[in-house]
Amino acid sequence: MYATTYHRPASLAEASALLANADEAKILAGGMTLLPTMKNRLAAPSDLVDVGRLAELAGVSLAGDTLTIGAATKHYEVAGSATVKGAIPALAKLAGGIGDPQVRHMGTIGGSISNNDPAADYPAGLVGLGATVTTSKRTLAAEDFFAGLFSTVLDAGEIVTKVSFPVPAKAAYAKFPNPASRYAMAGVMVVKARDGSVRVAVTGAGGNGVFRWHAAEAALAASFSAAALDGLSVDAGDLMSDIHGSSEYRANLVKVMTQRAVAAAG
Amino acid sequence: MGVEGIGARVQRKEDKRFITGKGRYTDDFKMAGMGHAHFVRSPHAHAKVRSIDTSAAEAMPGVIAVLNGTQLVADKVGNLICGWMIHSKDGTPMRMGAWRAMEPEQVRFVGQAVAVVIAETKNQARDAAEAVVVDYDELPVVVTTADALAAGAPQLHPEAPGNLIYDWHIGDEAATAAAFGKAANVVEMDIFNNRLVPNPMEPRAALASWDESEDHYTLYTTSQNPHVARLVLSAFYNIAPEHKLRVIAPDVGGGFGSKIYIYPEEMVCLWASKRIGRPVKWNCDRTEAFLTDAHGRDHVSKARMAFDADHKLLGLQVSTVANIGAYMSLFSSCVPTYLYATLLSGQYNIPAIYAEVKAVYTNTVPVDAYRGAGRPEATYLLERMMETSARQLGISPAELRRRNFITQFPHQTPVIMCYDNGNYGAHLDAAEAAADVAGFPARKAEAARRGKLRGLGYSCYIEACGIAPSAAVGSLGAGVGLWESAEVRVNPVGTIEILTGSHSHGQGHETTFAQLVSERLGVGVDQVQIVHGDTDKVQFGMGTYGSRSGAVGMSALLKALEKVESKARKIAAHLMEAAEGDIVIENGELKVAGTDKKLPFANVALAAYTAHNLPAGMEPGLKEGAFYDPQNFTFPSGTYIAEVEIDPATGKTEVVNFTAVDDFGRIINPMIVEGQVHGGIAQGIGQALIEGTSYSDNGQLLTASYMDYGMPRADDVPSFGIHHTTTLCLTNPLGMKGCGEAGAIGSPPAVINAITDAIGASIEMPATPQRVWAAINGGMRAAAE
């Protein structure tokens, strides 16, 4: 690791000021991606601004039909939260399947979506559930937040503060893990909203990060059953290919995981 | 004898310090003035080194020295050696290219060291290493075993034309050809054994120092055999004379073979410590471990089996190409020859065997012994062949094996080995019962109702352990003898120190060696201290690998104990005015048989040291040493049965049941043996399902971290059913055969045989979900066509 200067601001305002005044600052939350990257000398921020303990980024709450999760909420908190489990059990299950116990006890929802690893689970969760992301500057739809591999629309110094989810009629997340890393090779969030619309969001497989499988959404809106997808297939040409899985294999996994998520959603 | 003797499940004495974080590993040792080393490594798989500019690095903060191969050569540091000479079919010696600890002229694999920076802190060393400018001229690269021998392939070493190190053979070619001539059935297969990375929990490390006042060196290092390291560093690498070098291998966090060898980094630290006049510490990080720890396996084979009309084996022909990597590591030459092809008879009566092995250079990490070392490759080949043959011949896999088992002992195979004892049918029967093979069809049908494919696979393995009779291995080309030593030091108060040349890096010797003492003398294991891993404390010993520490190391200990017991009996007889022949040792006491006369062992020890009243002419003291050279290898064997369930939609394999029935001969501590088998099977399932390296065409190791290299985790393996049958080894005094490698040797073919049974198609290791899915769908397409 290259030398860096660590800051632990007491407020969001102080965090923003630190970020504005540093050369090449990075926001640190759980550090589950950033710190290994720094240890391998693949990142060299001049300053680290630790937002992981900010009160403004904490907490899980349910108001009406909206579940709100503070950006610094750790995966294990989401997985174990009675509020989340009551409102959107699929989201609790997704969080409980991220990484391993060490990662779940350090990693945060805000950190995960800001990093936007194309094989991370939360991007599928947010896009599938039609979530809204609030930052230190603005509020935007999750679909507008993610912008390709390891990329978001966040400006320099902009901090994710919370994520809000409309409570769906039903939802389920199914993932097939990479046998080595255990990241998703295909992770699919299938959601039937209270207005009857269906969203299918896929992580781990897309050539450009999380994506919606619109054909599956249409088929499921007509008939919410695994069999409704039998005749469909994902275009392998749009998918990732690596030593663990060809794009053809991933296309198969996307369909299989989608069908299993539909079955699990009931 | 006693609750802590042979056969007792004594809890491991060493575990308290390990599980409370009090173990002392190489990195835990610190020395005043210690500098930290960081190596500059080649980013290219094959390149000429045009120049190395260290001037900028030398000016960096905290830098003590920047050294490279030029200075190493100038100081006459020797090239790395290979300790086993193999001769080709034509009688010519193996063709070995030069390997320097830091390469000044031509790098041959990604990660090869070209320079080292030593600085006040680790981070400063790493900073400065980035400032070392190496100008490379890239050369064409060859990565795969198949490509290495191709006409026009890039050439690695001028000493080895065509990248061929040796073209070796064993067995009777004419007799084997004749056997195939009269065969009723011949089964042929191509077999690939995937390249593995050892991944011990503790990466390699070194702390080297030089004491100017005595011109004496000390090296703390992660070694499975510190005396061998000292010998090689002095006699061959010319860094320090043997009597002026202390090698300490303290607690070592796993080895699996990868810590047998003396690597460039440890050599350089020792050499540099004198050159800069300060201690040098080096810690391997995990990426460096992937790039520089000797890899394992990597065989490509063609095999043919000949059967008569009764499905009896007539002959076996094998042709193997072994990928040795870019350089010949310390024992790399013997792994694909004498540790591999000599086991090709397996548990079977095969009248004629002929095997050819070509070893080749490629631009990859050097390959050497990894848990099992040659024997997993032999077992995988043979057991894939037997299972596949049974299916092709229309006979059950168990029946084909039973029909061909060796049942008379001793049994001389056509490939050197002479098996002393075994009962192969016994462990096959036990395994079939324990695995409930009879209930398998019902389980398969039930799985099918859930849309899953179930399969059952066998593996009947044999291995050669207790390595090894010195004269025999010497005649086959080994540069060392493979005996072991022990010394028993009884203290005046009766407590006991055991100095052993074996080295424990996970095996639990501090417990099992103490149990043998407890068995013989009747003292508690807490009265016994096991001393190992320090060349200044322990007499010369050969170290731990090849499942040898029980069969060879404990045999040496037994010999030394017998000498102590003999002297103690003489003293006791003298003190109790009895005949020596009437003295028995029981429960920590020396008793006169048939009387109530007795003396505690501690009193006899004290008498030996006070020397006030010893038999006439007897020397004071109670300390004896012994060297034990085995008469033969030992031959552990067993039957493993794997049951898998496959999700055809994803290709994911779950090992749902795994039954192991091993014959290890005498078992000292069943709990420790079970642990060894658990770990071995986990590694074997890892090899079968997810482990394996992948190189890009230009020689970059794509699987150089746990993001891409599939290490098995707890939920990748089932709860194992571990059982034993016992026939004693007849060639060592305790009847022990060894258990350290069996799990890794026996399990891969069982798992792959189960998968091929489930999907009805062939598959290579690792059988990743993608591969299984492709095999199933390829099979479906083939059936549809």
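In the predicted model, the C-alpha centres of domain 1 and domain 2 of chain B are 40 Å apart, the domain bounds being those of an automatic or database domain assignment. Local features are reported at a pLDDT of at least 70 and side-chain atom pairs only at pLDDT 80 or more, whereas totals for chains, interfaces and linings use all residues. Residues are numbered from 1 along each chain as its sequence is written, and chains are lettered from A and ligands numbered from 1 in the order in which they are written.

The assignment divides chain B into domain 1 (15–20 + 483–628), domain 2 (31–139 + 201–254 + 259–292) and domain 3 (299–467 + 632–784).

Helix H7 of chain B (residues 226–236) is largely enclosed by the rest of the structure, because eight of its 11 residues are buried; here a buried residue has 20 or more other C-beta atoms within 10 Å of its own, an exposed one 12 or fewer, and a partly exposed one a count in between, with C-beta atoms placed from the backbone. Helices (H or I, at least four residues) and strands (E, at least two) are DSSP runs numbered from the N terminus. The cover over the buried residues of H7(B) includes strand E10 (216–221), strand E11 (245–248) and helix H8 (264–276) of chain B. Just after H7(B), Asn238(B) adopts a positive phi of about 65°.

Chain A contains 11 helices and 12 strands. Its radius of gyration, taken over C-alpha atoms, is 18 Å, close to the 18 Å from the globule rule (2.2 Å times the number of residues to the power 0.38) for 266 residues, so chain A is as compact as a globular protein of that length. Buried residues account for 48% of the 266 residues in chain A.

Strand E8 of chain A (residues 160–166) is mostly covered, with five of its seven residues buried. Strand E5 (residues 66–70) of chain A runs antiparallel to E8(A) and is joined to it by five bridges, while strand E6 (residues 132–135) of chain A, also antiparallel to E8(A), is joined to it by four; strands pair if DSSP finds at least two bridges between them. Val163(A) in E8(A) stands opposite Ile69(A) and opposite Val133(A).

Technical notes: Two residues are in contact if their C-beta atoms, placed from the backbone, lie within 7 Å.
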